[in-house]
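Please walk through this structure with me, one region at a time. Keep the sequence and the coordinates open as you read.

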Amino acid sequence: MVANVVNRAAGLLLLPLYTKVLSPAQFGVYSLISVVGDILAVMLMIGMINAFTVVYFEHPDEAGRRRVVGTTMIGLWSATLGLLALAWPVGLGISEALFGNGGEAAVVAVAFASIAFSTVFELALAYYRVHRRSGTCLMISIGKAGGLLVLNLLFVWWLDWGVAGIFLANGITFVALGVLLTVAILAANGVSFSFGILKRVGMLGLPFMPQTLLDIGNQFVLRYLLNILMGIAAVGVLSFGMRLATLLYMFLTASFLQIWSVARIEAQHRAADRDQAEFVFYFFIVLLTAAALGMALISPEILWLIASPDYAPVLACMPLLVLTYTLHGVRMHPEVALVKTKRVGVLPLISLGGIAVGTALAALLIGPLGVLGAAIGVVGRELFMLVATELVCRRLCPQELPLHPGQVLGVLVPAAIAYAVSLELFGHAVDPAYVAAKVGLTMLAAIAAVFGPGFSRTDRAILFRMVGRVLRRPQPAA
C-alpha cells in the first residue's frame, strides 16, 4: 500500500502546480490528450498486465514462470516501439480531430510516447507484486515520484512550457524507468520467448481490452460532449474534480485490489475462509466511503488551498464524483469473481451499456445543469455497471458469494446523511472550525456503518476479535 501511495503521490503533489499554473482551458487540453493517450495505451497492452498475473500462476514450475515473464515483456516492448514509430502521424491526426488544427501535434506525440513507456513500468510493478517484493515496489515508486516531481517543476514551473512540459517530464521519467526495469527483470529471468504463452496472454487479456477501452472511452465522450456544449474550460473544471476523486482509486482501491484480487486468484484451487474474505471486503468499503465522504466535505478547503477560483463550479460535483469511485470499489467484488472464473467476456458488453447510459444522461442534463449534468452522467454510468456486473456474476458464477445490497447501503446512507448535514450547516464556506466538525461527521458516519446494517454480525465478531488480539498483544519491554 505504501508503495502504491508513493507511486501515485507525484500526481497528487503536482495537482496544485497544474491548477495554479494552468487555466481551466489549458487543464481541459491536458485532460483530453491524456484520455486519448490512455485509450491508445490500452490498445497497446491488450490486457497484458491483467492476463500476466493469471498466466503466471497457471505455471507451477519456475522455468515456465520465467518464460511467461520474458514473453510478456518482449511482447509489450514490441508493441511499445510500434506505437512510438507512429506517434507523430497519429498525434497530428488527433490534434486536427480534437482542436481543429495541428498546433498540438507535437504535444500529443510526446504524450503518446510517455504513455507507451508507462505500460512497461506498470508491467514491471506487476512482476514484483506477484513475487511479493513490496520493498522493491516501494523503491521503484519513490524513483518514479521523484523523477516526475523534479522534471515537472523544471519544465512546467521554471521553464513555463505548460501542457507540453507535463508530457515531456512524464516521457523522460518512464523511458528511464522502463529501460532500467526491463534490463533488471530480464537479467533475473533470462531472455526467453514462447509464441504459445504470448497467444495465451493475448487471448486471456483480449477481453480486458474492449472493456477498459470502453471505460476510458466513456470519459472521452463526456469530455468531448462538454467541449462541444460548454467549451474546453468546462472540460478542465470537470477533469479537475475527477482528478481529485480519482485519488480514492489510486490510493485505496488500487492498493486493495492489487492484493485482494491476486490472493483470490492464487487461492482458487484451495479452501479459503470466505467469511474472513467478505469481512475484509466490507471493511474496505467502510474505509473507502469514509475517505470519499471526507474528500467531499473538505472540497472547499482543497479548492482554496490548491486551485484558482476559476475551478469553483466543481464543488457542486464533488459528492457525485466521489460516490462514483466508491461504487467503482464496490463493483470490484463481482468483477474479480468474473476474472477469477475466467468469465470476462461479458465485461465489454457491460461497459458498452455504461457508456450508453452515462452519455444519454449527460446529453440530457448538461444543457440545464452544466458541469453538474456531466457529473450525474458519470455516477449514473457507474451505478448501471455495478448493478449489471452483479446480476451477471450471480448468473455465471453461482459458486461465488454475492454482494449484499443491504450492507452496501448500510455504509453509503450514513455518509449521505453526514454530507447533507454538513451542507446545511456549513455550505461551501472555508473555516478551520468547520474542518474539525467535518472530521467528526466523517467518523460518526463510519461508526454508524460498522454498528449498523453496513456490517453483518459475523463481520463485527471478526472485527472485535481482531481488536481484542491487538489489545492483548504483549508490549516489548523498555
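Is Asp 160 buried or exposed? Asp 160 is exposed, with a relative accessible area of 57%. Here buried means under 20% relative accessible area, exposed means over 50%, and partly exposed lies in between (1.4 Å probe, protein chains only). This is a predicted model, in which local features need pLDDT of at least 70 and side-chain atom pairs count only at pLDDT 80 or more, while totals for chains, interfaces and linings use all residues. Residues are numbered from 1 along each chain as its sequence is written, and side-chain values use heavy atoms, with hydrogens and water left out.

Stay with Asp 160 for its backbone. Asp 160 lies in the loop between α7 and α8 (162-189). Helices are DSSP runs (H or I, at least four residues), as strands are (E, at least two), and they are numbered from the N terminus. The phi of Asp 160 is near 55 degrees, a positive value in a residue other than glycine. Most residues other than glycine have a negative phi, and most peptide bonds are trans. Now turn to Arg 132. Arg 132 sits in the loop between α6 and α7 (134-158). Arg 132 is not a glycine, yet its phi is positive, at about 55 degrees. Arg 132 counts as exposed, at 60% relative accessibility.

Next come the helix pairs. Two packed helices are described by the angle between their axes and the distance between the axes. Take α5 (residues 87-99) and α6 (residues 105-130): their axes come within 8 Å and cross at roughly 125 degrees. That makes α5 oblique to α6. Axes are lines fitted to C-alpha atoms, for helices over the stretch in contact, and angles run from 0 to 180 degrees between N-to-C directions. Angles under 35 degrees count as roughly parallel, over 145 as roughly antiparallel, 65 to 115 as roughly perpendicular, and the rest as oblique. The crossing of α5 and α6 is right-handed. A crossing is right-handed if the near helix is turned clockwise from the far one by less than a right angle, and left-handed if anticlockwise.

Which residues of α5 and α6 meet? From α5 come Ala 87, Trp 88, Val 90, Gly 91, Leu 92, Ile 94 and Ser 95. From α6 come Ala 105, Ala 106, Val 108, Ala 109 and Phe 112. Contact means heavy atoms within 4.5 Å. The residues of this contact divide into ten nonpolar, two polar and no charged. Ala, Val, Leu, Ile, Met, Phe, Trp, Tyr, Cys and Pro count as nonpolar, Asp, Glu, Lys and Arg as charged, and the others, Gly among them, as polar.

Now look at α4 (residues 62-85) and α9 (residues 195-205). Their axes come within 9 Å and cross at roughly 70 degrees. The two helices α4 and α9 are therefore roughly perpendicular to each other. Their crossing is right-handed. On the α4 side, the contact is made by Gly 64, Arg 67, Val 68, Thr 71, Thr 72 and Gly 75. On the α9 side, Ile 197, Leu 198 and Val 201 take part. By class, the contact of α4 with α9 has four nonpolar, four polar and one charged residues.

How many of the eleven residues of helix α3 (residues 48-58) are buried? Eight are, so α3 is largely enclosed by the rest of the structure. The buried residues are Met 48, Ile 49, Ala 51, Phe 52, Thr 53, Val 54, Val 55 and Tyr 56.

Phe 283 is in helix α12 (residues 274-297). Phe 283 is partly exposed, with a relative accessible area of 28%. Leaving out residues up to four places away in sequence, Phe 283 touches Phe 455 and Leu 463. The C-alpha atoms of Phe 283 and Gly 454 are separated by 9.2 Å, and the two residues are 171 residues apart along the chain.

Gly 380 is in helix α16 (residues 371-396) and is buried, with a relative accessible area of 15%. Ser 422 has its place in helix α17 (residues 405-426). At 2% relative accessibility, Ser 422 counts as buried.

Finish with the cysteines. The structure holds zero disulfides (a disulfide is a pair of cysteine sulfur atoms within 2.5 Å). For Cys 393, the nearest cysteine sulfur is that of Cys 397, 4.4 Å away. Cys 393 counts as buried at 5% relative accessibility. Cys 397 is buried too, with a relative accessible area of 0%.
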